Amino acid sequence: MNDQHTRREVLRGGLAAASLGVLGVPDWVLPALAQGAAVVPFLEFPENFNATPAPDRRLFDSRTLTSFTTPRDQFFTTQHYGHPVLDEATYKLQISGLVTGPKAFTLADLKKMPKGDVMFGFECSGNRAPVQGLASNGKWTGVPLAALLKSVGLKPEAREIVFLGADHGPEEVEWRTQKYNLDQQFGRSMQRDKALSAEPLVAYAYNDEPLTRHQGFPVRLIVPGWYGVANVKWLSDIIAQQDPYVGKYQARWYRTVKGEMVNGEMKWMESAVTHLQLKSWVARITKEGATHKVTGIILNDGTAIKSVEVKVDDGPWQPATLDKQNSKYSWKLFHYDWNGATPGEHTIVSRVTDATGAVQPTEKDLENKKSFLEHNAQHVRRVMIS
Ligand SMILES: Nc1nc2c(c(=O)[nH]1)N[C@H]1C(S)=C(S)[C@@H](COP(=O)(O)O)O[C@H]1N2
Ligand SMILES: [Mo]
């Protein structure tokens with residue numbers, strides 16, 4: 001690993017972001033790198049993590065974090081069938097199934113309806129140490145899903161709402177001893193109550209600009225408080241049905257396999273990936289004079305945060321400060337001034353506690369979680385102080 005190289009890359013990233021600020025990003029909160037300041041290298045961070053960036057996959061390098069909302073061209077991106085290109089002129093969102101009046105909405109139709117917005121930070125459920133690059137935050141604008149569903153008249157027996165993206169691919173679908181090769185669209189679902197709740201949006205704008213192709217242009221579902229996978233991009237169909245939807249990306253890929261104590265007995269349970277688990281990590285450290293400024297990211301499902309703490313080496317947990325711009329469904333930033341850091345290698349870790357008393361688990365606490373999704377363990381960073 002080459003620290004010099006790392007540092008230059010990080011500096012360049014920081015400066016690029018800084019110039020965006022000058023161009024008028026209004027929510028500039030964190031100072032760009034001051035003269036003489038330096039970004040502290042994370043020793044466990046693989047330097048080649050972005051060496052061969054795929055055109056349809058982008059990680060957000062949190063060491064360059066300098067703004068509360070992620071600029072649209074830095075928002076992380078990932079998906080299963082690549083990025084389809086949709087034409088705004090012919091785009092339609094079709095709503096059908098158990099509704100009294102099935103309808104197709106153009107983008108112009110959607111933009112004419114009353115709109116809502118939400119500051120929402122989310123991560124892919126596969127986001128984890130050491131890079132933690134599958135997370136971003138920003139403002140989403142669109143039509144409340146509940147209003148859209150009401151406008152087509154959901155029938156009382158419609159208990160499950162299915163969302164399909166325009167992206168599709170060949171899937172080998174197994175049923176008992178049979179295998180079928182079928183072309184399927186990306187599909188997810190939600191229960192009626194969740195779909196009719198106040199928060200979900202059928203979004204057409206990010207940070208007051210149209211969605212990028214990566215983000216699901218022209219329209220995506222936004223489900224504040226839930227993992228990335230719920231936020232169906234290139235949204236083309238909404239289907240109301242009676243029974244649970246068990247498509248590949250709903251029932252098979254996005255599930256967590258873990259041992260849980262039930263009535264005093266360990267049982268191996270499998271559950272769907274839905275709301276964000278309580279999580280935090282140290283995202284960026286800069287040396288400014290004698291102080292090391294630590295900035296971290298918290299993600300959760302919108303439950304109020306009680307506290308976040310930072311621990312250096314084997315020292316005591318120290319309280320960190322929550323950023324003033326944090327809101328219910330945004331990512332929450334925190335700040336900690338590390339004074340008296342001595343040259344050499346150290347560890348630094350953060351831990352968040354919410355208002356219900358839930359504490360971010362340690363790696364040890366998660367030892368009965370077999371699959372790697374929803375990995376919200378405390379992340380011990382190794383840093384080099386010069
Ligand atoms: N249509 C469609 N929507 C999708 C996906 C997909 O493969 N197809 N992937 C999901 C997953 S797993 C994640 S983490 C988020 C990523 O959203 P982003 O690329 O805007 O960051 O999109 C979700 N929405
Ligand atoms: Mo994801």
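Lys179 is exposed, with a relative accessible area of 54% (buried means under 20% relative accessible area, exposed over 50% and partly exposed in between, with a 1.4 Å probe and protein chains only). The side chain of Lys179 meets that of Glu172 in a salt bridge, 3.9 Å from N to O (a salt bridge being a side-chain nitrogen of Lys or Arg within 4 Å of a carboxyl oxygen of Asp or Glu).

The model is predicted: local features need pLDDT of at least 70, side-chain atom pairs count only at pLDDT 80 or more, and totals for chains, interfaces and linings use all residues. Residues are numbered from 1 along each chain as its sequence is written, chains are lettered from A and ligands numbered from 1 in the order in which they are written, and side-chain values use heavy atoms, with hydrogens and water left out.

**Salt bridges**

Over the whole structure, the search finds 16 salt bridges. Side chains of opposite charge can pair when their charged atoms come close.

| Pair | Distance, N to O |
|---|---|
| Arg72 and Glu209 | 3.7 Å |
| Asp109 and Lys112 | 3.9 Å |
| Glu172 and Lys179 | 3.9 Å |
| Arg382 and Glu345 | 3.0 Å |

Asp109 and Lys112 are three residues apart in helix 2 (residues 107-112), so about one helical turn separates them. Helices (H or I, at least four residues) and strands (E, at least two) are DSSP runs, numbered from the N terminus. Asp109 is partly exposed at 27% relative accessibility, whereas Lys112 is exposed at 67%.

The closest N and O atoms of Arg382 and Glu345 are 3.0 Å apart. Arg382 belongs to strand 21 and Glu345 to strand 20, so this pair ties together parts that are 37 residues apart in sequence. Arg382 is partly exposed, at 34% relative accessible area, and Glu345 is also partly exposed, at 45%. Elsewhere, a network of salt bridges links Glu47, Asp61 and Arg63.

**Domains and their interface**

The domain assignment gives domain 1 (24-72 + 275-385) and domain 2 (77-257); such bounds come from an automatic or database domain assignment. Their contact takes 36 residues from domain 1 and 43 residues from domain 2, where contact means heavy atoms within 4.5 Å. The C-alpha centres of the two domains lie 29 Å apart.

About 3,500 Å² is buried between domain 1 and domain 2, and carbon and sulfur atoms give 55% of this area. Buried area is the accessible area (1.4 Å probe) that two parts lose on being put together, summed over both.

Two salt bridges cross the interface of domain 1 and domain 2. Between these domains, 24 residue pairs are in polar contact, both residues being at pLDDT 80 or more. On the side of domain 1 that touches domain 2, the residues divide into 14 nonpolar, eleven polar and eleven charged. Ala, Val, Leu, Ile, Met, Phe, Trp, Tyr, Cys and Pro count as nonpolar, Asp, Glu, Lys and Arg as charged, and the others, Gly among them, as polar. A polar contact is a pair of N or O atoms within 3.5 Å; within protein, one must be able to donate a hydrogen and the other to accept it, and residues adjacent in sequence count only if both atoms are side-chain atoms.

**Individual residues**

Ser136, in strand 5 (residues 135-144), is buried, with a relative accessible area of 0%. A polar atom of its side chain lies 3.0 Å from the backbone nitrogen of Phe76. Leaving out residues up to four places away in sequence, Ser136 touches residues including Phe60, Thr70, Phe122 and Trp331.

Gln378 sits in the loop between strand 20 (344-354) and strand 21 (381-385) and is buried at 11% relative accessible area. The Gln378 side chain reaches the backbone oxygen of Gln360 at 2.9 Å. Beyond four places in sequence, the contacts of Gln378 include Trp317, Val349, Arg351 and Glu363.

Met261, in strand 12 (residues 255-262), is exposed, with a relative accessible area of 58%.

**Backbone features**

The peptide bond from Ala129 to Pro130 is cis, with omega near 0 degrees; Pro130 lies in the loop between strand 4 (116-123) and strand 5. The bond from Phe217 to Pro218 is also cis, with omega near 5 degrees, and Pro218 is in the loop between strand 9 (209-210) and strand 10 (220-222).

Asp208, a residue other than glycine, has a positive phi near 65 degrees. Asp208 is placed in the loop between strand 8 (201-206) and strand 9 and is exposed at 57% relative accessible area. Asp313 has a positive phi of about 50 degrees although it is not a glycine. The loop between strand 16 (305-312) and strand 17 (318-319) holds Asp313, which is partly exposed at 30% relative accessible area.
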